[in-house]
Amino acid sequence: MVYPLLSAARNSGKKLLAVLIDPDKARRDNLGELASFANAGLIDLFLWGGSLVNAPQSEYYLKLLRSSLDAAPVVLFPGSSYQLDAQADALLLLSLLSGRNPDLLIGQHVQVAAHIKRMKLEAIPTAYLLIDGGKPTSVSYMSNTTPIPADKPQITTATALAGEQLGMKLIYLDAGSGAQNPISATMIACVRHEVSLPIIVGGGIRTPERAAQALEAGADVIVVGNGLEQDSSWLPSLAAAVRAASRPPTETLDPTKASTQKTLR
Ligand code: 1GP
C-alpha cells in the first residue's frame, strides 16, 4: 500500500522525493540509474505517466523499472484512462478540480472504475489542481482547462479544501511539466494552513533550492520530472535538500510569515 507512506510522511514531517517518468521519454540507461538512486534511499517513489503517452514500450519499461527496484513504489499518474497498468503499485485517481471539464471530474472515472477494481490497483483519490506556471503546458492543453492564476492562493486554497471535504485523500498542486515558474511558497503555505491532507507539489522544480522552498512552505512530497530526464547527476543534492527539509509537523509555516513571500528562483 502506498497511501500509508504518504500519510505517515504528512504526520511525521518527513519529506519525500518523487521522480516522474514520462513513458514516452523513458530510456533504459536513465531508468537503471534512477533505480540505483532509489535503492540507495535517495528517491522515495516514482510517478509514471504523461499528458499524452504513445510509446508502445511503456509496459515493458514499467516492468523493467519495477523489477530493478528494491522497495520504492511506482504510482500511476495517468493523463488518460488509456494509461492504466496493473503492474503499478498504486494509481493517483485524479480529479482535475481546478478545471471545469466534466470528463476529468467524473467521466473518465466511470469509464475505468470496473477496470481498476479488476486490476486490484490501489486507487488514491487525488484532488489535482493545475496552477499557472508562466507558460502553456501540455496538461492544460490536453485537459482543455485553464489553470488557476499563480497569484490567487485563495482560489487554490478553496479548491483544495473542497477536495478534502469531498473525501479526497491527497492534494496535488501542479504547475505542469516544464513549467517556467514553480508554484509559489505563498500558495503552498496557504493550502497547507487550511488542509490537513498530504500535499504533493510539482512542475518546474529544477534545483535543490526550489525543492527546499516548496517543502519548507508545506509540501510533503515534491515531484521532479523534466529536470532529471537528461541529467540525473544533481539527484544526490536534490535528495539532500529533501532530507534537510524534514521536520516535526508542529513547525508548519504560517502563510502570513514573510519567509513564504520569497520568489522561487
Ligand atoms: C508535472 O509535476 C510534474 O506534472 C513534474 O514537472 O517535469 O517540470 O518536473 P516537471
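How many of the 10 residues of helix 7 are buried? Keep that in mind as you go through these close-ups, which all come from a predicted model.

**View 1. Helix 7 is mostly covered.** Eight of the 10 residues in helix 7 are buried, and that is the answer to the opening question. If you want to find them, look for A185, T186, M187, I188, A189, C190, V191 and R192. So who is doing the covering? The elements lying over these buried residues include helix 1 (3-12), helix 6 (153-165) and helix 8 (208-217), along with strand 6 and strand 7 (199-202).

**View 2. Helix 7 meets helix 8.** Here we zoom in on one of those covering elements, helix 8. The axes of helix 7 and helix 8 come within 8 Å and cross at roughly 30°. Angles under 35 degrees count as roughly parallel, so that is what we call helix 7 relative to helix 8. The crossing of helix 7 past helix 8 is right-handed. On the helix 7 side, the residues that touch are A185, I188, A189 and R192, and they meet Q213, A214 and A217 of helix 8. Sort the residues of this contact by type and you get five nonpolar, one polar and one charged. A handy thing to remember while looking at helices: an α-helix has 3.6 residues a turn, so residues three or four places apart point the same way.

View 3. You'll find P182 between strand 6 (170-174) and helix 7 (185-194). Is P182 buried or exposed? Its relative accessible area is 12%, so P182 is buried. Now look across to G134: P182 and G134 are 48 residues apart in sequence, yet their C-alpha atoms are 8.7 Å apart in space.

View 4. The model has four aromatic pairs. One of them joins F77 and Y128 edge-to-face, with 5.6 Å from centre to centre and 85° between the planes. This pair links distant parts of the chain, since F77 is in the loop between strand 3 (74-76) and strand 4 (90-96), while Y128 is in strand 5 (residues 122-130), 51 residues apart. F77 counts as buried because its relative accessibility is 9%, and Y128 counts as buried at 6%. Y128 also pairs edge-to-face with Y172, at 5.2 Å centre to centre and 80° between the planes. Again the pair links distant parts of the chain: Y128 in strand 5 and Y172 in strand 6 are 44 residues apart. Like Y128, Y172 is buried.

**View 5. T159 is a buried residue of helix 6.** T159 lies in helix 6 and has a relative accessible area of 13%, so T159 is buried. What does T159 touch, leaving aside its neighbours within four places in sequence? Its contacts are L97, S98, L129 and I148.

View 6. Most residues other than glycine have a negative phi. K120, which isn't glycine, has a phi near 60°. K120 is in the loop between helix 4 (102-119) and strand 5, and counts as exposed because its relative accessibility is 74%. N144, also not glycine, has a phi near 55°. Look for N144 in the loop between helix 5 (138-143) and helix 6; with a relative accessible area of 66%, N144 is exposed.

Methods: Residues are numbered from 1 along each chain as its sequence is written. This is a predicted model: local features need pLDDT of at least 70, side-chain atom pairs count only at pLDDT 80 or more; totals for chains, interfaces and linings use all residues. Side-chain values use heavy atoms; hydrogens and water are left out. Helices (H or I, at least four residues) and strands (E, at least two) are DSSP runs, numbered from the N terminus. Buried means under 20% relative accessible area, exposed over 50%, partly exposed in between (1.4 Å probe, protein chains only). Contact means heavy atoms within 4.5 Å. Axes are lines fitted to C-alpha atoms, for helices over the stretch in contact, and angles run from 0 to 180 degrees between N-to-C directions. Angles under 35 degrees count as roughly parallel, over 145 as roughly antiparallel, 65 to 115 as roughly perpendicular and the rest as oblique. A crossing is left-handed if the near helix is turned anticlockwise from the far one by less than a right angle, and right-handed if clockwise. Ala, Val, Leu, Ile, Met, Phe, Trp, Tyr, Cys and Pro count as nonpolar, Asp, Glu, Lys and Arg as charged, and the others, Gly among them, as polar. Rings of Phe, Tyr and Trp (its six-membered ring) pair if their centres lie within 6.5 Å; planes under 30 degrees apart count as stacked, over 60 as edge-to-face and the rest as tilted.
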